[in-house]
Amino acid sequence: MQIEIDANKRKLQGKGASRRLRAVGKVPGVVYGGEGAAQSIELDHNNLFHKLRLEAFHASVLSLSVDGIKEQVLLRDVQMHPFKPQVLHVDFQRIDKNKKIHMKVPLHFINADVSPGVKLSGGTISHVLTEVDVLCLPKDLPEFITVDLSEMTAGSTLHLSNLKMPENVEISSLAKGGDDLPVATMIVQRSGSAEESAESAQ
């Protein structure tokens, strides 16, 4: 299901205008890119604030309706107040359905508890990365990447190249010949007693 958000064109510019918008529960923003000119917009603060709490809102193609005209966009930047739960500004980028996009996608780790490193060696998983930059067409953009930890053993490391990627989705850094970074590592305390007690319990 695609996430939809409503906005209106913003005519007044400047810091003073933005402060007045925030005072009446609005958030100033901008939508740019594609064939259209950059457009200043305003959005309802509470609606936007609650959508920003959704993980998928940060890693999905969104349907942005500006004065009733819908555009396909990506969330590109959010400015938050340093200590208040308040959104100060938001940026959206228009997309072309025929052009590949770069997007940071969260990693969802599963099956750590059944891995040999945890069950047999009493190890713990250290998550080195929590998101990955992917390259794909908008229609293929996943909301998240599943990382299966079920085969991890004591002292092992899972790298980017070990991830099972959805069809037609690439990891940007590997596509460019970048480093095969570690995603997760299995850490085991080398006291011996933890391993012995784990083995005796089998």
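Does serine 150 count as buried or exposed, and at what relative accessibility?

## Serine 150

This is a predicted model. In it, serine 150 has a relative accessibility of 17%. Buried means under 20%, so serine 150 counts as buried.

Serine 150 sits in a loop. The side chain of serine 150 makes a polar contact with the side chain of aspartate 148, at 2.9 Å. Beyond its neighbours within four places in sequence, serine 150 is in contact with Ile110, Asn111, Val114, Ser115 and Pro116.

## Nonpolar cores

The largest nonpolar core has 25 residues. Leu141 and Leu163 have the most contacts inside it. At least two residues of this core come from each of β7, β9 (131–136), β10 and β13 (182–187). Strand β7 gives the most, with four residues. A second core is separate and has 19 residues, including Ile5, Val31, Leu48 and Leu75.

What does leucine 141 touch, once its neighbours within four places in sequence are left aside? Its contacts are Ala59, Ser60, Val61, Leu74, Ile101, Met103, Val105, Val134 and Cys136.

## The largest pocket

The largest pocket holds about 220 Å³ of space. Among the lining residues are Leu74, Arg76, Gln93, Arg94, Ile101 and His102. Gly34, Glu35, Ile95, Asp96, Lys99 and Lys100 also line this pocket.

How many residues of this lining are charged, polar and nonpolar? Six are charged, three are polar and three are nonpolar.

## The second largest pocket

About 180 Å³ of space lies in the second largest pocket. Its lining has 13 residues. Those nearest the centre of the pocket are Gln2, Ser60, Val61, Leu141 and Glu143. Eight residues of this lining are nonpolar, three are polar and two are charged.

Leu141 has one of the highest contact counts inside the largest nonpolar core. Leu141 also lies near the centre of the second largest pocket, among the residues nearest to it. Ser60 and Val61 are contacts of leucine 141, and both are also among the residues nearest that centre.

Leu74 and Ile101 form another such pair. Both are in contact with leucine 141, and both line the largest pocket.

Methods:
Residues are numbered from 1 along each chain as its sequence is written. This is a predicted model: local features need pLDDT of at least 70, side-chain atom pairs count only at pLDDT 80 or more; totals for chains, interfaces and linings use all residues. Side-chain values use heavy atoms; hydrogens and water are left out. Buried means under 20% relative accessible area, exposed over 50%, partly exposed in between (1.4 Å probe, protein chains only). A polar contact is a pair of N or O atoms within 3.5 Å; within protein, one must be able to donate a hydrogen and the other to accept it, and residues adjacent in sequence count only if both atoms are side-chain atoms. Contact means heavy atoms within 4.5 Å. On a 1 Å grid over the protein atoms alone, a cavity is a set of points where a 1.4 Å probe fits but cannot get out, and a pocket is an open set with protein on both sides within 12 Å along at least five of seven lines; lining residues have an atom within 4 Å of a point. Grid points are joined across faces, edges and corners, and a volume is the space filled by probe spheres set on the points. Ala, Val, Leu, Ile, Met, Phe, Trp, Tyr, Cys and Pro count as nonpolar, Asp, Glu, Lys and Arg as charged, and the others, Gly among them, as polar. A nonpolar core is a set of buried Ala, Val, Leu, Ile, Met, Phe, Trp, Tyr and Cys residues joined through side-chain atoms within 4.5 Å.
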